[in-house]
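Please examine the sequence and the structure shown below before reading on.

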Amino acid sequence: MRNPATNQRTKRRAADFTAEHFLPTTMREMRQRGWDQADVILVTADAYIDHPSFGVALLGRFLEEQGYRVAILAQPDWRSVDAFRSLGPPRLFWGITSGAVDSRLNSYSSLGNRRKVDVYSPGGKNTFRPDRPILAYAARVREAYKGIPIILGGLEASLRRLVHYDYIEDQLKRSVLINAKADMLVFGMAELAISQIARRLDSGQAITDLTDIPGTAYPLSHNHRPPEDAVLLSSLSAQRDNPDLVMQAHLLYQRQGHPAGQPVFQEQDPGTVVLNPPARPLTTDEMDRLYELPFTRRGHPNHDKSGGVPALESIRFSLTTHRGCFGGCSFCSLYYHQGKHISSRSISSLLAEADRCRTHPDFRGTISDLGGPTANMYGMSCTKKGTCTRPSCLFPSLCKYLDANAFELITMMESFVRWSAKSSPTTNVYVASGIRHDLALASNEYINLLTRYFVGGHLKVAPEHYCPNVLEMMGKPPFELFEQFESRFGAASRRAGKEQYLVPYFISAHPGSTADDSLRLCRYLVDRRWRLRQVQDFTPVPLTLSTAMYVSGRNQKSRPIHIPRGRREKRLQMALLKYQLPANYKIISDFLNSSPRPIAVPDAAGLLKRIKKLQTPAKSSSGDW
């Protein structure tokens, strides 16, 4: 291995950030470093943003620290092979990702409409990436240079590692590993797997011999058999013929989708994919070293003329305190990507990163977010010895093995209160990534600390729905717990002398939700004069329990449930949750006046009158959520 590049951590002016402070993106930049060839080339469908929240930058810096020469090929023109030859061939492997989010979600709405803005591209333009980046890029790198290993990674590859549902094509698809004709797929948080892959390829091993690395999937060749203890999942053709098997396959893989699980394999018709168990979570020391790498927290200078990359602005000075989430929400894929084990950074590492932010030339006095997938899970852990296959530590009740003591969380937050007070001028530190409100109820001290110092007027929470039967499908706690948190949050804000509001997130048209369920929620919102801003139409994301419900038409207990599918019903459920928009009035009126009348509304005329009144713009933002 080669020696890692030396990186200066001195305070710079904004103009001092030039291409040499980033991983190289052109042959010229490689030659300026004295390279004749890169060891690894990471190809991404996002713009190149050198920030630890973006996987390509994180893995690139991680491999660089280990002594490898890493180059970045960001948003290459997939219509020609020329762009894929611009850096020459990598010595070890190509790493291909569609970027920070699934490309379908990035490009299409839940109803299949093309999005007009791509926040991960320069200037927000939506013309820099193909429809299926992983497939397009894999085809081009094979065309550019034969025989070099192709390894897929990132969120899209992670979620599409098995047979999965594609909501744009409305059909089950084979693993992206098989469709891309790649050599290997890394799923989950990839540092440990990618490090072992690089080291073993560097030692001369063939990519076909790397079949035992946790957190990887590989295509089964004719010369190999699945591991003896591997669990067979139903095939693509079997699931297409019998949608009930979609739920069965999901639940079977859920029981194995943890580091102590067994390998699984699945026929893709044609082809077979073998998945090893996930990689173990990083330790605190490993997390600290990873986030101490010299990120510039800027987009590559090539993007400056385009107006920058929109996705960077809100998270430029955010701090990742931990990874993982034990919430286990049915519609969330975090269980299969980051896992439910919480890996927390040390307080000293977080404060050191905050100090680096404060000396950054672009810093304007605010740490925008101090959190992780769920901000108030920092420092919490499972005390159970051995394996656990329970997907949620919170639903349907708090697991007895969960150490949900908020002591470490409060200690970390108090450290930032002191750090902020010593800053000159005072630095604001906020929690913007959202919290789990039912977990927060266990500690009044946490709620008081949060509201007094870490809320900038609004706090994100996610009750998701109002009706008990829908919340059960979602794996979410009863709505009464949200109301309890709302009351405590309001009281704590008043004690702190602040006017602050919750920003609740809701989901419409989730599997199991009927139009009457949405109407019940609508009535509640009208009664309280709430006007929601954050409503997400359910999107069947691969590898989630909710998507298995959507495809199979059954819940996890194999009971038939209602599935909102057509555009008409999905628009109705969205309109009921965003009743305040004048454009939604006719949709709601037609529904309330239909025959038979919805059972949830005894007085349709009265409700319509109240809705009409509330569609007048509010004088205060207090009820405008």
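Which element gives the largest share of the lining of the largest cavity? The largest share comes from α9, with four residues. Here a cavity is a set of points, on a 1 Å grid over the protein atoms alone, where a 1.4 Å probe fits but cannot get out, and lining residues have an atom within 4 Å of a point. Helices (H or I, at least four residues) and strands (E, at least two) are DSSP runs, numbered from the N terminus. The model is a predicted one, in which local features need pLDDT of at least 70 and side-chain atom pairs count only at pLDDT 80 or more, whereas totals for chains, interfaces and linings use all residues. Residues are numbered from 1 along each chain as its sequence is written, and side-chain values use heavy atoms, with hydrogens and water left out.

The structure holds four cavities of 30 Å³ or more. The largest cavity has about 220 Å³ of space, a volume being the space filled by probe spheres set on grid points that are joined across faces, edges and corners. Its lining consists of 20 residues, and Val163, His164, Val246, His250 and Leu543 lie nearest the centre. The elements that contribute two or more residues to this lining are β6, α9 and α20. By residue class, the lining of the largest cavity has 14 nonpolar, six polar and no charged residues. In this classification Ala, Val, Leu, Ile, Met, Phe, Trp, Tyr, Cys and Pro count as nonpolar, Asp, Glu, Lys and Arg as charged, and the others, Gly among them, as polar.

Helix α20, one of the elements in that lining, spans residues 545–552 and is mostly covered, with eight of its eight residues buried. Buried means under 20% relative accessible area, exposed over 50%, and partly exposed in between (1.4 Å probe, protein chains only). The buried residues of α20 include Leu545, Met549 and Tyr550. They pack against β6 (164–166), β7 (171–173), α9 (244–256) and α17 (468–474); contact means heavy atoms within 4.5 Å. Just after α20, glycine 553 takes a positive phi of about 75°.

An open space is found elsewhere in the model. The second largest pocket contains about 740 Å³ of space, where a pocket is an open set of grid points with protein on both sides within 12 Å along at least five of seven lines. It is lined by 36 residues, of which Pro259, Pro281, Gly339, Lys340 and His341 lie nearest its centre. Two or more residues of this lining come from each of α7 (191–202), α12 (334–337) and β19. Among these, α12 gives the most, with three residues. The lining of the second largest pocket divides into 18 nonpolar, twelve polar and six charged residues.

Several loops carry backbone features. The peptide bond from aspartate 269 to proline 270 is cis, with omega near 5°, and proline 270 is placed in the loop between β11 (264–267) and β12 (272–275). A cis peptide bond also joins phenylalanine 395 and proline 396, with omega about 5°; proline 396 is in the loop between β19 (381–382) and β20 (402–403). Lysine 181, although not a glycine, has a positive phi of about 55°. Lysine 181 lies in the loop between α6 (176–179) and β8 (184–186) and counts as exposed at 62% relative accessibility. Alanine 509 is not a glycine either, and has a positive phi of about 60°. Alanine 509 sits in the loop between β23 (501–508) and α19 (515–527), but is buried, with a relative accessible area of 0%.

In the loop between β12 and α10 (284–291) stands asparagine 276, which is buried at a relative accessible area of 7%. The side chain of asparagine 276 reaches the backbone oxygen of isoleucine 213 at 3.1 Å. Beyond its neighbours within four places in sequence, asparagine 276 is in contact with residues including Phe187, Tyr218 and Pro263.

The cysteines remain to be considered. A disulfide is a pair of cysteine sulfur atoms within 2.5 Å, and by this rule the count comes to zero.

Terms used
A polar contact is a pair of N or O atoms within 3.5 Å; within protein, one must be able to donate a hydrogen and the other to accept it, and residues adjacent in sequence count only if both atoms are side-chain atoms.
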